[in-house]
Amino acid sequence: MSSSMLIDKNSPYCPGCGHQSITLGLAKALELLNYDPLDVIVASDIGCCGLIDPMLACHTIHGLHGRACALAAGISIAIDNPKKKVIAIQGDGGATIGIAHLLEAARRNFNLTLIVNNNQIYGMTGGQFSGLSNETFQNDHGLVDAARPFDIVEIAHKAGANYSSRIIAKGDIAEKLKAALSTKGFSLIEILEVCPSYGIQKYSDIEQLGYLEKSFVNAFNPFTLQATSQKPFVTREHSSEAAQFKHKLEKNIKIILAGSAGEGIQSAAELFAKAAMYSGLHVTKKGDYPITVGTGFSVSELIFSPEEIYYTGINEPDIVLVISQNGFDYVKNRIGEKTSIVVDNAVRHDQTNIALSYDLKAIFGKKNAAICSIGLWILMNEPFPFAAFERAVKESKHGEKLSVVLDKTQTIFDELKLHA
Amino acid sequence: MTANYTLIDGSKLIVESLVQSGVESFVSYPITPANWINQYASQRFPTMAFAPDEITVAQWIAGLSSAGKLSATATSFPGLALMVESLNMSFMMELPMIIVVVQRLGPSTGSATVGAQGDLLLLNSLISGGYNIPVFSISNITDCWKVTEKAVHAAVELRTPVVLLTSKEMVMTSRSIDLALLPELKKAQYDYYKDSKPYVPYAANDKLVPPFLPLTSNEHQVRINSSTHDDSGTIKKATKAALGNTIRLHNKIQRRMNEFLIYEHDEDKDKNILIVSYDITGESTREAVKQLRNSGLNVSALYLKTIIPFPKELMTIINAYENVIYAEENLTGLLVKMIYGNNPPNNVSKVNRIGAMISPLEIIKETERCLQAC
Ligand code: SF4
Ligand SMILES: [Mg+2]
């Protein structure tokens, strides 16, 4: 047989091995489908079937045991060209260890064909059973694995493969392969074959094990890439915000905002940080919360400094703004003698360095207490103008609503001053 | 002087730098603390895929890179562990790719939201046989931009997987930076095979790296191979030519990594004390050095960025000092072990801890102790 898909007809396999019939059948099928060898990419697995590469005139990539289908999937994701054909070749062993990859390929209908050469055993390692070995098959040591094999043809079908079939590598299989190879989306073809060295000796024995040829189709959309916005996060001309206010800090201050999930702690901290930046300060900010973000404490750590900040840890904060009990309990061990505290009246604590205790949540509600507490602290201490915080708040998503909170904060502060 | 600050986290800068340096595709599998990188990547990369596990991630990025779409991913130790065999594959195949490793507290699943510097020795021995894949480390927020670019260039020019090493506090902390001060980035350039003669996939030039062609080439047959192979790219037992190819993989990294050498040597006037750090501990070191100098002490610092294979040039710098302090966030001093083995010389001391960033005070105390002792 002369073939442009084959450049070396010498079989690397044992005499009579089923892999040779499959290789010849595959080459013929690709020729019948008029593929240019350079439009075909074969990803081969570890195992005897992975010795195919040197025989083929197309592109070849030889990878790890069990991963050829995943490697081929990666290749197919990169290719947006219906002229190109991606094929993965595995044995029954490779399909067993890599079964998750074929499920994923079927689920997403990657544009590729997976050929599973099933000779019932791991040939390269000496005839061990795979997950695809038939429960009545006896290997050359006379052993049987009573577990029922995976029916990967049905599994692939149920997982969404647009085509899946089982055939027996007897005679000319090119026509049967054509159906799989010309599928749009994912196709899997399991080919039952002989392994004269360790496995089934005769094709009639395969039929005796009860294997029947069958095929299934689905009509799902083949894989296409999802569009992404691709908008740059940073350009060098990016409109960095010019500092428009003047701060009064001579050294850095370390602040912890401590509340609970659902109290807008992280977004309030972001606005606080922006206000500091608008005043020409260097800022660092990090969140601290449980893995289950919807419950428990929510803490933000901020450092504002007139100089560049290197180390971002806060061992003992200068200021702690406490919104709720969860937050207080989480940070209380870090509160030192010099820490100044603003705290909601509802929080139980034994602290004496209280700069202000107020009905933050009762007056402003759960969601706005953090903004108010930051506002009051800025008004009381004037590290930078309140207007810087007003600007940050106004520019935020709920700017208008929150500006009302700020106005009220200002009123409360004025009243507090009067009383003082 | 008016400040022009933008509040930005390291994850975002890394993702943007990857794209602007020429990475075209990204595959993600969720893992804390690499989630921000994965999240930003899903908005930014033209080709983005979500894999069902990290072995699949490592295979897909290999597939993407072999088809010409330079690829990257981000993970942490548990994911990295699953990728080890596949990274060996890509090293052997000579596929460029970037693995961002965001370190967290181990062993095992440890604490997902606590940082650490625990993976250096694993990375130094990642490839079976003692070969190296290059590792670059990020020592501050601007490194998220600049070191990332260097890593991408090394991956493409040396045709190899490259690890970009960072940790939780580096990528999940926001900072005010002036974006206009970030240097412009260059896209990495492939050395494509352009001859009309048949392509011999692993025939390397005098630069020890074979010219590249993707599996989509319409001109030449391309063969890529993870098993021992000669320059034809087909599997060979340990023939002389095949072993020569394998040895070349070692040589290309060892001999050419000096082209990608970056570090910061903050040198004071005498050669008494050097503080060596990398990754997040670089920030504590900067603060400690500032405070030590403010109190009139002479100390120098070395911030490692090209870290594996450990550069000879840096050894020369280190050896010129009478005392060297290594600060790193792990229990046993992995960098010290990597450089000196199990018997570091007497002039070497360590600052280590787990569970939190090393504080500047710890480095200051050790420096003062050293100064008093000598
Ligand atoms: S061991 Fe079996 S599968 Fe492997 S080449 Fe020989 S006959 Fe074929
Ligand atoms: Mg088999």
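The points below take up the metal site, the ligand shell, the domains, the aromatic contacts and the backbone.

1. The structure is a predicted model, and the remarks below should be read accordingly.

2. The magnesium site. Which protein atoms are donors of the magnesium ion (ligand 2)? They are OD of Asp92(A), OD1 of Asn119(A) and O of Ile121(A), at 2.1 to 2.2 Å from the ion. Along the chain, these donors follow the spacing D-x26-N-x1-I. Asp92(A) belongs to helix α3 (residues 92-97) of chain A, whereas Asn119(A) is in the loop between β4 (112-118) and β5 (121-122) of that chain; the pair, 27 residues apart, thus links distant parts of the chain.

3. Are Asp92(A) and Asn119(A) buried or exposed? Buried means under 20% relative accessible area. Asp92(A) has a value of 1% and is therefore buried; Asn119(A), at 5%, also counts as buried.

4. The surroundings of ligand 1. The residues around ligand 1 include Cys14(A), Cys17(A), Cys48(A) and Cys195(A), together with Tyr13(A), His19(A) and Tyr198(A). Asn119(A), a donor of the magnesium ion, is also one of the residues surrounding ligand 1. The shell consists of seven nonpolar and three polar residues, with no charged ones.

5. Domains of chain A. Chain A is divided into domain 1, residues 18-217, and domain 2, residues 253-418. Taken over C-alpha atoms, the centres of these domains of chain A are separated by 61 Å.

6. An aromatic pair between chains. Over all chains, the structure holds 17 aromatic pairs. In one of them, the ring centres of Phe110(A) and Trp60(B) are 5.3 Å apart and the planes stand at 90 degrees, so the pair is edge-to-face. This pair crosses between chains: Phe110(A) is in the loop between α4 (99-108) and β4 of chain A, and Trp60(B) is in helix α3 (residues 54-66) of chain B. Phe110(A) counts as buried at 1% relative accessibility, as does Trp60(B) at 2%.

7. An aromatic pair within chain B. The rings of Phe91(B) and Tyr131(B) have centres 5.9 Å apart and planes at 45 degrees, so this pair is tilted. Phe91(B) lies in helix α4 (residues 77-93) and Tyr131(B) in the loop between α5 (120-124) and β7 (135-137) of chain B, so the pair ties together parts 40 residues apart in sequence. Both Phe91(B) and Tyr131(B) are buried.

8. Further aromatic contacts. One aromatic cluster is formed by Phe272(A), Phe304(A), Trp377(A), Phe384(A) and Phe389(A). Arg391(A) lies over the face of Tyr278(A), 3.6 Å from the ring centre. In chain B, Arg286(B) lies over the face of Tyr303(B), at 4.1 Å from the ring centre.

9. Backbone features of chain B. Most residues other than glycine have a negative phi, and most peptide bonds are trans. The peptide bond from Gly106(B) to Pro107(B) is cis, with omega near -5 degrees, and Pro107(B) is in the loop between β5 (97-105) and β6 (111-115). The bond from Ile308(B) to Pro309(B) is also cis. Leu208(B), although not a glycine, has a positive phi of about 70 degrees; Asp279(B), likewise not a glycine, has a positive phi of about 55 degrees. Leu208(B) is buried, with a relative accessible area of 18%, and Asp279(B) counts as buried at 0%.

Conventions: Residues are numbered from 1 along each chain as its sequence is written. Chains are lettered from A and ligands numbered from 1 in the order in which they are written. This is a predicted model: local features need pLDDT of at least 70, side-chain atom pairs count only at pLDDT 80 or more; totals for chains, interfaces and linings use all residues. Side-chain values use heavy atoms; hydrogens and water are left out. Donors are N, O and S atoms within 2.8 Å of the metal (3.2 Å for Na, K and Ca); water is not among the atoms, so sites may look incomplete. Helices (H or I, at least four residues) and strands (E, at least two) are DSSP runs, numbered from the N terminus. Buried means under 20% relative accessible area, exposed over 50%, partly exposed in between (1.4 Å probe, protein chains only). A residue is near a molecule or strand if one of its heavy atoms lies within 4 Å of it. Ala, Val, Leu, Ile, Met, Phe, Trp, Tyr, Cys and Pro count as nonpolar, Asp, Glu, Lys and Arg as charged, and the others, Gly among them, as polar. Domain bounds come from an automatic or database domain assignment. Rings of Phe, Tyr and Trp (its six-membered ring) pair if their centres lie within 6.5 Å; planes under 30 degrees apart count as stacked, over 60 as edge-to-face and the rest as tilted. A charge sits over a ring if NZ of Lys or CZ of Arg is within 6 Å of the ring centre and within 35 degrees of the ring normal.
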